[in-house]
Amino acid sequence: MAELAAPEKILKRIGVAALSVLLVIYAAKQLISLVNSNIETEIALSVTSRESLELDGYIMREETILAGSDKGVMLAKVDDGERISSGKEAVRVYFSENDYSVETEIRALDERIEILERSSMDTNYVTADMDKMDDEIEELISSSLIYSAKNDLVGALSNRDELLVRMNKRWIITNPAKVFEQKIEELKTRRSKLKSGLPESSSGSIAANVSGYYYSSVDGYESIFSSSKIPTMTVSEFSSMTESSPEIYSGRPAGKIVTDFKWYVACPVTSEEAKHFDIGYSYPVEFTYNYGTELDMTLSSKITENGNDSAVLVFVSSRMPADFDFTRSQRVKVTYNEYRGLKVPKDAIRVINDVKGVYVVNGTQVEFKRAEEIYSLDDYYIIEADPESDKYAKKYIRKTTVDKDGNEKHTYFRPLSLYDQVIIKGRNIYDGMKVE
């Protein structure tokens, strides 16, 4: 074969070189695609983990028995937990079942009339701000949802009547021809008819013997679990209290009155479990018997005894939620530690320049972000979310450059953020790598 001329040799070499470059670029692209195709990510989401103890809790309060009547049917005139003054009527006694049924219906009518009267408004003279009213309704609904999210059913139902009133008022504004006056009159007429059918001598009255908070039920443990015993109570004495039989009252009690707004939950624990708690600190206490209602209660006492491996934790609260069930003994869950942060698989954690962190996909580039765990789960860490206090700590330096004047300039590894795409699987991943 004839030898190529010089220009043709040069062109051939250029063509081979260009082809080689294209092949390298193509191979690199294929490699990048291969790497990228093997990258798997997981969104960094917020998580809360708790360390808790499930315990038996015993309600301790200052309670005074209200003597009742040996005859007739007793009906409380105040709601459970309602404040009552000494001498005020607490219970009415009906001498026949029929009279009792009539009075029960009258009470239900009173509640309906009250709601409708609170809902009424004069649409001829009132200019309603619909946006404001909608905001108020939304706020009440949001409040109930927040309580519900905390498993506090008692709190979730606390706004029930007010929410109904606001929604009724809004309905009146949008339907001005349809008001509640006629329904209110019908209910009042029905109430008057029932009331007139009750004879004067059909009932008697029982007044409160002390001031406090009325409760209709008694269990026989009112004096046994008196909160006045707490300051001098020992572990052995508390154990005896839990094994006591209820007291049998003479006659029929008409309920009881709690004379102190502070109430206590006493929980038997081991001495080792007691070490998790400190007097004076507040702890979330979940009452599983009360639909999971959670209250923040302060540890008022930690009772221990020499030679005894048992202890008693006594929590106190001044909050008395409406419709809360104060059954003497009930299971509670007490949280002593809570960790809030970002959930990251343990396998995603890497170490660069002695900095612990994770790789994340940031747009079209891989970035290494620092991630300090604060709690360990089975397969995950809880990562501190937003550790700004040590943002410029020397150990987090990512790169150092020196300007023409000899001054050092540092860039730092950023902390992991909520919703970051954490790389949990991939080969040959490195900080600054391009991704498609």
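1. A strand here is a DSSP run marked E of at least two residues, and a helix is a DSSP run marked H or I of at least four; both are numbered from the N terminus. Please keep in mind that this is a predicted model, in which local features need pLDDT of at least 70, side-chain atom pairs count only at pLDDT 80 or more, and totals for chains, interfaces and linings use all residues. Residues are numbered from 1 along each chain as its sequence is written, and side-chain values use heavy atoms, with hydrogens and water left out.

2. Let's look at two loops. Asp354 sits in the loop between strand E15 (350-352) and strand E16 (355-362). Its phi is positive, near 65°, in a residue other than glycine. Asp354 counts as exposed because its relative accessibility is 77% (exposed means over 50% relative accessible area, buried under 20%, and partly exposed in between, with a 1.4 Å probe and protein chains only).

3. Tyr291 lies in the loop between strand E11 (282-287) and strand E12 (293-303). Tyr291 is not a glycine, yet has a positive phi of about 55°. With 62% relative accessibility, Tyr291 counts as exposed.

4. Now for a helix. H6 (residues 181-196) has 16 residues and spans 22 Å from its first C-alpha to its last, close to the expected 22 Å (1.5 Å times one less than the number of residues).

5. Which residues of H6 are buried? They are Ile184, Leu187 and Leu194. These cover an arc of only 90° around the axis, so they lie on the same side of H6 (the arc is that of the directions from the helix axis to the C-beta atoms). The face turned away from that buried side carries the exposed residues Gln182, Thr189, Lys193 and Ser196.
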